[in-house]
Amino acid sequence: MTAQFPGPSPRPVPPEGIRASHDDREAVVERLRDAAAEGRIDFDELDSRLGLALTARTHGELAAITADLPTPHFSSATAPASGAGSRQPLVLKGGMFGASLGPGRWDVPRHVIAHGGVGGVTLDFTRVECRLPEVVVEAYAETSGITVVIPDGWVADTSGIDPGVGGLTDKTTSDRLPGTPLIRLNGSGTMGGVVFRHPNKRERRKLDAS
């Protein structure tokens, strides 16, 4: 009887060759959006990298996309704010995959310009510290909408926006707390529309837990 020997063992896969999961891709997407919010990459480059992240197959491909970015430990959530309100307008472009700023702490400028593009834009002020008396948000919803979330006690002036076809939905209250900024909204709802609101129930639970 001929002895039977097992076949050769499969060669171990190096760490960079391990297949990426949906959660792995989503973590890189969030890291890229944080990097854009911090000014490390511009929003055109964000669009390009998001496309690579969403189609990456391995850990190595994902690592290459963020190789020139610092580790999350040094993100804007822990970095001290500097020069608030003194820099050029912050521009967000939704592009194909969307863009978001927040929730989290970020340095609020006096002027934010948001282009919804195809993917849409979310601008979340709920965890920022802002000592400016007024912040202008210039919103152009284009194909997809723009959502702006402000904390309770902040108020919005939406009289300067053209609702367009998409319209304006303002769910904020007029009860302004002392020392909070006025968010002055202008631009156009175009096709996608603009939503201005306070945190919803799910977002409030996250705020209470943090």
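Trainee: What share of the contacts in the protein chain between residues at least 6 apart in sequence join residues at least 24 apart?
Mentor: That share is 70%, where contact means heavy atoms within 4.5 Å. This is a predicted model, where local features need pLDDT of at least 70, side-chain atom pairs count only at pLDDT 80 or more, and totals for chains, interfaces and linings use all residues. Residues are numbered from 1 along each chain as its sequence is written, and side-chain values use heavy atoms, with hydrogens and water left out.
Trainee: Which residues of α1 are buried?
Mentor: Arg25, Val28, Val29, Leu32, Arg33, Ala35 and Ala36. Buried means under 20% relative accessible area, using a 1.4 Å probe and protein chains only. Seen down the axis of α1, these buried residues fall within an arc of 155°, so they line one face of the helix; the arc is that of the directions from the helix axis to the C-beta atoms.
Trainee: And what covers them?
Mentor: The cover includes α2 (43-55), α3 (59-65) and β2 (99-101).
Trainee: New topic: where is histidine 198?
Mentor: In the loop between β10 (194-197) and α4 (201-209).
Trainee: Is histidine 198 buried or exposed?
Mentor: Histidine 198 is buried, because its relative accessible area is 8%.

Conventions: Helices (H or I, at least four residues) and strands (E, at least two) are DSSP runs, numbered from the N terminus. Buried means under 20% relative accessible area, exposed over 50%, partly exposed in between (1.4 Å probe, protein chains only).
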